Amino acid sequence: MLVSTNVLTSRSAARSLLAENGSLAALVVLVVALSLMSGDFLTVTNLLNVGVQAAVTAILAFGSTFVIITGGIDLSVGAVAALSAMVLAWTAADTGLPWPLATLVALAVGVVCGLVNAVLIAYGKLPPFIATLAMLGVARGLALVVSQGSPIEMPEEVSRLGDTIGGYLPVPVLVMAVMGVIAAVVLNRTYTGRAMYAIGGNEEAARLSGIAVGKQKLITYALSGVFAAVAGIVLASRLASAQPQAAAGYELDAIAAVVIGGASLSGGKGRALGTLVGALILAVLRNGLNLLSVSAFWQQVVIGVVIALAVLLDTLRRRGGR
Amino acid sequence: MLVSTNVLTSRSAARSLLAENGSLAALVVLVVALSLMSGDFLTVTNLLNVGVQAAVTAILAFGSTFVIITGGIDLSVGAVAALSAMVLAWTAADTGLPWPLATLVALAVGVVCGLVNAVLIAYGKLPPFIATLAMLGVARGLALVVSQGSPIEMPEEVSRLGDTIGGYLPVPVLVMAVMGVIAAVVLNRTYTGRAMYAIGGNEEAARLSGIAVGKQKLITYALSGVFAAVAGIVLASRLASAQPQAAAGYELDAIAAVVIGGASLSGGKGRALGTLVGALILAVLRNGLNLLSVSAFWQQVVIGVVIALAVLLDTLRRRGGR
Amino acid sequence: GSAGTDSSGSGGGTPAAADVKIGMSVSTLNNPYFVQLRDGAEAEAKKLGATLTVTDAQNDASQQVNQVQNFTSQSMKAIILNPVDSDAAAPAVKVAERSNIPVLAVDRGVNGAKVVQTVASDNVAGGKLAAEQLAKELGEKGEVVVLQGVAGTSASRDRGKGFSEGIKAYPNIKVVAQQPADFDRTKGLDVMTNLLQSHPGVTGVFAENDEMALGAIKALGAKAGKQVKVVGFDGTPDGLKAIEAGTLAASVAQQPALLGQQAVQNAVRAANGEQVPATVDVPVKVATKDNLSEFTGS
Amino acid sequence: MSQAREILRVEKLGKRFPGVVALDGVDFDLREGEVHVLLGENGAGKSTLIKMLSGAYQPDSGRVLVDGEPVEIRTAADAQRLGIATIYQEFNLVPELTVGENLVLGRPPRRFGLVDTRRMHEQARGMLDRVGVTVDPRTRVAELGIAQMQMLEIAKALALNARVLIMDEPTAVLTTTEVERLFGLVRQLRERGVAIVFITHHLEEIAQLGDRVTVLRDGRSVEQVPADTPEEELIRLMVGRPIDQQFPRQAQRAGEPLLRVEGLTRAGAFADVSFEVRAGEVVGVAGLVGAGRTEVARAVFGADPYDSGQVLVRGRRLPGGDVRAAMEAGLGLVPEDRKGQGLVLGADIAENLGLVTLRHATRAGFVDRAGQRESAGRVAEQLGVRMSHLGQEVRTLSGGNQQKIVIGKWLLADAHVLILDEPTRGIDVGAKVEIYQLINSLTASGHAVLMISSDLPEILGMSDRVLVMARGRLVGELKAAEATQDSVMALAVTEVEDARVH
Ligand SMILES: Nc1ncnc2c1ncn2[C@@H]1O[C@H](COP(=O)(O)OP(=O)(O)OP(=O)(O)O)[C@@H](O)[C@H]1O
Ligand SMILES: Nc1ncnc2c1ncn2[C@@H]1O[C@H](COP(=O)(O)OP(=O)(O)OP(=O)(O)O)[C@@H](O)[C@H]1O
Ligand SMILES: O[C@@H]1[C@H](O)[C@H](O)CO[C@H]1O
Ligand SMILES: [Mg+2]
Ligand SMILES: [Mg+2]
């Protein structure tokens with residue numbers, strides 16, 4: 001409903017949006033197809049569910065968008081999300097820190113992880129793949145160390161982030177929207193955002209144009225870290241407990257969302273809106289397959305095929321346009 | 001012992017090898033450190049164990065080396081390995097196909113998966129990340145479908161691949177060596193190998209020099225697929241059974257091995273020897289931490305830190321050398 | 001009789017199940033144990049004529065919440081939850097509660113939210129049983145290593161806890177190493193191989209599941225079942241085969257198929273508004289060569 | 001000449017890109033043993049035309065005939081089969097591979113199905129000898145200077161022994177010596193009946209080498225004239241109006257020294273380089289290929305480090321290897337390699353033009369993008385960038401228009417001392433004059449310019465002083481009045497101890 005009214009009310013705007021953002025077309029096709037196949041799909045509640053289910057991936061993916069635009073990659077986002085949430089729950093539960101402070105500490109953990117990544121990459125000249133893979137191990141390991149392997153309960157106040165407002169609007173969707181707007185503004189309007197595109201497009205040209213590449217990478221990865229922390233907190237709030245294994249493997253989903261959204265892993269390209277669409281495509285797909293009761297073993301197959309088709313639609317459409 | 005005698009007998013050769021291949025230096029440092037810390041490490045048996053434990057990752061990584069040199073990425077190798085082995089066990093057990101034929105079928109499965117990847121990438125213009133992520137889902141899903149979620153026993157003759165020859169030489173190490181030599185010859189001496197470097201270094205230049213880029217990518221990903229199938233068969237042979245979840249997550253290990261070995265994810269660079277060293281570093285690290293009885297929670301942290309340090313050593317040395 | 005025999009479950013008579021839609025979220029299907037659990041559930045659903053939809057949460061607690069949410073969208077009449085993590089399952093239960101759908105927990109309990117029924121085996125008790133059995137096999141002395149499951153999962157935590165409590169009773173048994181092998185056969189093989197280097201005198205192995213135990217047996221080669229006794233957990237078909245072959249000394253058998261069957265039976269009852277007992281205990285039992293027939297029969 | 005056989009003919013060729021009609025019915029013919037020059041402003045469609053002969057692009061309309069037969073050239077391999085070899089305006093080298101591998105790219109010598117590395121290097125050595133380049137075929141191409149890369153491209157194309165050789169601005173980065181060697185080779189080929197398509201913006205080369213000239217304007221072939229047509233007439237045909245002065249330098253009184261370089265040395269690259277640039281001056285730097293001019297310029301700007309010596313701007317010493325510090329002190333650098341160092345190819349024109357001024361357009365972290373766009377639009381118009389709109393990806397601009405963007409972004413930056421490395425590479429005569437005018441207005445407002453160029457007439461025509469480098473050392477300085485082709489060349493070949501051997 002959400003989507004279909006939009007499409008109907010402002011056709012031409014929608015058309016130009018679709019033309020500009022191929023993945024959006026894929027999402028629309030997917031939504032239409034699923035509405036036809038399952039009566040349970042196109043209800044307000046279910047669409048809100050999809051939003052909630054997309055939220056964590058989307059927030060992680062917004063952070064990854066920054067990194068990917070600079071031509072890097074961040075494999076540590078899932079682990080950093082888990083570690084941040086764990087630190088929040090742990091400082092609140094074990095050291096009795098008030099929850100707002102504990103939340104700040106958790107965000108700081110995200111920033112620090114990001115900065116360490118960036119230092120290794122920008123000054124240690126490590127390939128981003130290796131630096132962030134190392135951070136994946138370290139952050140996941142530390143989450144286990146902190147928790148001694150057991151989940152820790154989240155402070156109740158923070159857990160509200162997993163609730164709904166007025167019984168309808170889920171807070172994770174709200175947080176996703178806010179983080180998305182922040183990502184879009186950073187990318188489009190700030191110095192750092194523009195620098196990210198330049199660095200990813202041609203790092204040497206950026207450097208020779210006076211952009212402090214090292215410093216901008218610090219900001220980029222720190223942003224990715226803080227977005228991961230937010231995602232981790234939202235995730236833990238949904239579960240009301242911080243889990244050491246939370247968000248394991250989400251880094252691939254996040255990267256997939258960014259790339260489905262039209263970014264290139266070689267850098268210089270990518271948009272927040274595209275990333276959101278990418279995350280929604282993944283969530284819609286999983287939700288739809290559940291609703292259609294596709295057998296568990298076949299689900300992975302179908303998800304794989306549909307992802308390929310969705311992006312294929314995008315590339316074919318773009319080539320047709322030429 | 002193996003390593004130390006080598007180092008002592010032919011110093012200058014070793015030195016030039018080290019100079020050329022920075023990750024080798026990191027491996028040597030790691031081996032020396034572990035020998036000092038654990039008396040159990042530097043024994044022939046243990047080193048052979050390390051070899052066996054490196055074998056599957058190394059074989060997958062050789063295949064990934066081809067892909068990464070062309071500037072691509074193959075996330076499907078772990079899943080393709082599992083699917084190939086599963087198909088082998090299943091055709092042999094359920095349809096009664098003689099094992100040599102079943103093995104051929106399994107290798108063919110690897111080739112087909114690779115070709116599908118390549119068609120999506122070269123002709124569908126999908127980003128390699130997306131195409132192979134889709135294939136990951138499809139192959140893993142099919143492995144589950146074929147096996148109905150339960151392991152299938154491998155034919156006894158094939159399982160010998162997991163044994164040792166003469167009670168000492170483990171067959172997986174032998175297979176790893178053979179695949180490594182094949183990879184090195186392909187990369188250094190064949191038309192396709194050189195074309196891979198050209199495509200990864202500058203795809204447009206390669207195309208305008210008359211290299212059939214699409215065709216060469218078909219060969220590249222097919223090679224990656226067939227290497228994955230071999231790795232899957234070796235893995236299943238070691239366990240004497242094909243597991244649907246075998247090699248899950250190994251794609252990141254394989255890529256890490258290639259990158260630690262000096263390749264660049266932006267393409268055009270990489271060597272089979274480097275990849276071998278990368279795989280050995282990962283295996284030595286895990287083996288060593290087990291021997292040292294490092295606590296479970298801390299292991300991931302230590303692995304992360306050491307990987308970062310190993311590659312850092314390499315990049316610092318290279319910068320110092322300039 | 002043994003636990004597996006009372007297949008008619010609690011209360012008599014077959015529940016009326018025509019057209020009852022049940023959703024079941026399994027923690028992971030990448031493990032034969034849970035495949036058995038699912039198979040047991042599906043067989044029962046078929047028998048009763050209920051529609052069962054099974055989803056795979058891939059060991060991800062939040063994906064599991066998503067799946068329960070999706071079940072509510074599909075207006076399931078009852079939900080069977082095999083929690084990825086007992087603590088993290090509460091929100092999923094609450095989601096269903098809001099839509100007034102009864103939830104049953106299977107294999108692992110739920111903390112922090114009320115389910116109408118828990119069908120489970122006791123992992124702490126199972127760990128203890130494993131300790132006792134291994135002690136018996138070793139003549140109450142020797143060096144033991146523990147292969148741990150995925151760090152942070154309740155199954156690993158509880159079994160580890162039960163085992164270390166249980167093994168304390170035997171002062172001559174020393175746990176010389178505990179290393180994670182992530183419930184995975186390959187990792188069990190590699191980790192055991194490595195541990196044999198640093199602890200060549202090992203005489204006993206406790207693996208927190210059969211998959212790892214089978215990997216360890218591979219690593220032990222001819223020593224398995226002779227110089228070194230291995231005790232596993234789950235009683236999977238492959239595990240039982242190894243017991244028969246003498247390489248695996250024992251396995252703390254759970255009865256996953258029975259768990260699944262019981263869960264579906266009671267889910268149908270709950271869906272029809274009947275009262276169901278709060279717990280169904282499916283006991284764990286040590287499977288050895290002597291009592292193997294009790295397990296392979298079902 | 002008139003009886004020479006026609007090899008290739010193009011009829012009514014059309015090609016459009018989104019938003020641009022690149023070619024709009026072009027006719028062109030090529031005869032055995034002739035050098036046929038393609039002439040046109042930046043963006044006129046020269047490169048697009050030849051790319052359809054080499055298999056890089058497919059035409060939308062019209063046809064191509066080889067030996068009177070219509071042909072379809074779909075791939076580079078097709079073109080090779082038809083005997084067409086191409087040297088593209090943008091290099092097509094693989095930087096990570098060696099010189100040898102690049103020379104035989106796509107057709108390495110093989111033995112028993114395996115690549116024969118030894119024979120490959122032998123072949124490569126022969127090819128390099130032919131064009132007079134002395135580098136080891138085992139060197140990685142990434143380590144070469146831009147002129148050497150150009151010579152490599154030439155060697156590569158020559159080795160195909162083609163009947164038709166297409167050269168898209170091969171002389172844009174070469175100095176007189178290499179150009180002469182290249183012309184020698186081209187004349188030999190012509191003797192042997194090879195047909196040559198030659199694109200250049202150096203008008204004096206047309207009479208030296210060409211036989212016929214086809215002029216393109218706005219994607220149309222407007223005229224075919226003999227190569228001995230006077231330059232003024234060629235300019236008129238190409239630009240549509242005459243240009244009265246090719247080098248309109250208006251010298252200023254030199255003011256205080258803005259940039260001083262003292263004893264700058266980097267082992268293996270350059271040694272003991274000292275000079276100064278005063279307010280209002282244009283200082284030219286001449287030298288043979290690989291003389292080390294680019295390396296000095298980069299070191300001065302902080303793009304690369306140096307071992308000893310110092311760089312002072314208005315008397316204040318700059319830290320080495322720090323681009324930001326150099327920029328803050330008022331230095332600017334237009335690099336010679338526009339693709340590698342000058343442009344973000346995937347970004348649009350406005351974004352590229354605004355890159356240097358990005359920081360100044362930022363308030364509290366937010367960029368004034370509207371303002372940035374506005375100034376970008378102004379500069380683009382001033383330089384006559386041929387584009388469909390400011391949002392066009394720079395990748396899709398013609399070579400000369402890309403070069404205008406690289407210069408344009410520094411013109412916006414208002415640098416006190418602007419270092420230009422090969423600034424007019426590939427730029428047409430009309431636009432060159434625009435750029436020279438801009439240089440004039442810079443120096444008139446008290447700024448200074450250090451201009452490296454391999455185009456000697458440009459150095460002579462625009463500099464107030466000329467520095468000459470050879471083998472990594474500064475070997476002489478000439479006042480504008482003393483600087484002639486001969487005096488500069490005499491210095492450029494001075495025998496000095498090579499600063500680059502170490
Ligand atoms: N891939 C492309 N997409 C869009 N426009 C393009 C593309 N390639 C070329 N063009 C446009 O076609 C026109 C002709 O370009 P072309 O490169 O042929 O010019 P040229 O005559 O070679 O100019 P120069 O002297 O600057 O090299 C230009 O306006 C250019 O922007
Ligand atoms: N004959 C040579 N011997 C050694 N090194 C050389 C030679 N020719 C060029 N080089 C190297 O090639 C590179 C090109 O030098 P650089 O670009 O600084 O020179 P340049 O004077 O700007 O000439 P151009 O830019 O015209 O090639 C440098 O790394 C230089 O050391
Ligand atoms: O009970 C199950 C099995 O033991 C499995 O092997 C791991 O997860 C546990 O919950
Ligand atoms: Mg051109
Ligand atoms: Mg130069």
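How far does a polar side-chain atom of Thr48(D) lie from an oxygen atom of ligand 1? The distance is 2.5 Å. Some notes on that site and on the chain contacts follow.

1. Ground rules. This is a predicted model, so to speak of local features pLDDT must be at least 70, and side-chain atom pairs count only at pLDDT 80 or more, while totals for chains, interfaces and linings use all residues. Residues are numbered from 1 along each chain as its sequence is written, chains are lettered from A and ligands numbered from 1 in the order written, and side-chain values use heavy atoms, with hydrogens and water left out.

2. Who sits around the ligand. Ligand 1 has 23 residues around it (a heavy atom within 4 Å). Lys46(D), Ser47(D), Thr48(D), Ser398(D) and Gly400(D) come nearest. By class, this shell has six nonpolar, 13 polar and four charged residues. Here Ala, Val, Leu, Ile, Met, Phe, Trp, Tyr, Cys and Pro are nonpolar, Asp, Glu, Lys and Arg charged, and the others, Gly among them, polar.

3. Polar contacts to the ligand (pairs of N or O atoms within 3.5 Å; within protein, one must be able to donate a hydrogen and the other to accept it, and residues adjacent in sequence count only if both atoms are side-chain atoms). A polar side-chain atom of Ser398(D) lies 2.6 Å from an oxygen atom of ligand 1. For Ala44(D), a backbone N or O atom is 3.3 Å from a ligand oxygen. Taken alone, ligand 1 exposes 640 Å² (Shrake-Rupley method, 1.4 Å probe), and the protein buries 91% of that.

4. Chains A and B. Of the five pairs of chains in contact (heavy atoms within 4.5 Å), A and B share the most contacts. Each of the two gives 37 residues. About 3400 Å² is buried between them (accessible area lost by both parts on being put together, 1.4 Å probe), and carbon and sulfur atoms give 84% of it. In chain B, Phe129(B), Leu252(B) and Phe297(B) lose the most area to chain A, together 19% of what that side buries.

5. Polar links across A and B. Two residue pairs are in polar contact, both at pLDDT 80 or more. The side of chain B that touches chain A divides into 26 nonpolar, eight polar and three charged residues.

6. Chains C and D. No contact joins these two, and their closest C-alpha atoms are 37 Å apart.

Definitions and conventions:
Buried area = accessible area lost by both parts, 1.4 Å probe.
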